[in-house]
Amino acid sequence: CGGGKKRNPQEMHQQLKRDVDFYSDPKNDKITKIRTDIAQVKEVMVDNIEKILERGDKIDNLVSKTENLEFESRKFETNANDLKWKMLKKRIIITLIVIFILIVVVFVIVLIACSKDGVNFKKCGQKDE
């Protein structure tokens with residue numbers, strides 16, 4: 001209108017068609033571009049939230065395994081201490097049995113040495129004449 005140049009209807013129709021095609025193309029529509037950007041951001045955020053939830057599950061699983069390991073280690077420590085005391089008692093009993101057997105053997109040897117004419121401990125200290 002302002003250029004002084006008159007266009008024929010065919011040129012106007014072609015220009016109008018180009019304008020309609022340009023503005024109908026979603027690439028040139030700002031609202032569509034913004035919606036596409038928002039959809040991409042939303043997709044990234046949903047993916048990030050899923051990853052965070054997976055990490056949370058992994059952390060919960062790790063905490064559970066840690067608690068289980070702590071329980072098992074305490075149980076192992078208790079069993080190890082019980083076994084240590086049982087082995088100590090066994091060693092003490094064996095030592096006492098060995099000492100008792102040695103005392104009995106020494107007593108029998110002394111008894112044999114002092115019993116030429118029957119058991120007489122008074123003769124053990126005297127020399128034979």
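Reader: How much area does the protein expose?
Author: Accessible areas come from the Shrake-Rupley method with a 1.4 Å probe, and for residues only the protein chains shown count as cover. This is a predicted model: local features need pLDDT of at least 70, side-chain atom pairs count only at pLDDT 80 or more, and totals for chains, interfaces and linings use all residues. Residues are numbered from 1 along each chain as its sequence is written, and side-chain values use heavy atoms, with hydrogens and water left out.

Reader: What makes a residue buried, and what share of the protein counts as buried?
Author: Buried means under 20% relative accessible area, exposed means over 50%, and partly exposed lies in between (1.4 Å probe, protein chains only). Of the 129 residues, 1% count as buried.

Reader: How many helices and strands are there?
Author: The protein has two helices and zero strands. Both terms refer to DSSP runs, numbered from the N terminus: helices are H or I with at least four residues, strands are E with at least two.

Reader: Why is Asp60 called exposed?
Author: Its relative accessible area is 52%. The cut-off is over 50%, so Asp60 is exposed. Asp60 lies in helix α2, residues 30–113.

Reader: What makes the pair Lys51 and Asp47 a salt bridge?
Author: A salt bridge is a side-chain nitrogen of Lys or Arg within 4 Å of a carboxyl oxygen of Asp or Glu. The closest N and O atoms of Lys51 and Asp47 are 3.6 Å apart, so the pair qualifies. Both residues lie in helix α2, four residues apart, about one turn of the helix. Lys51 is partly exposed at 42%, and Asp47 is partly exposed at 34%.

Reader: How do you know that Arg74 and Glu70 form a salt bridge?
Author: Their N to O distance is 2.8 Å. Arg74 is exposed at 53%, while Glu70 is partly exposed at 39%.

Reader: Which residues form the nonpolar patch on the surface?
Author: Ile93, Phe100, Val104 and Ile109 are among them, and the patch has about 950 Å² of accessible area together. Patch residues have over 30% relative accessible area and no salt bridge; nonpolar side chains (Val, Leu, Ile, Met, Phe, Trp, Tyr) are joined within 5 Å, like charges within 9 Å. Ile109 has 53% relative accessibility, so it counts as exposed.
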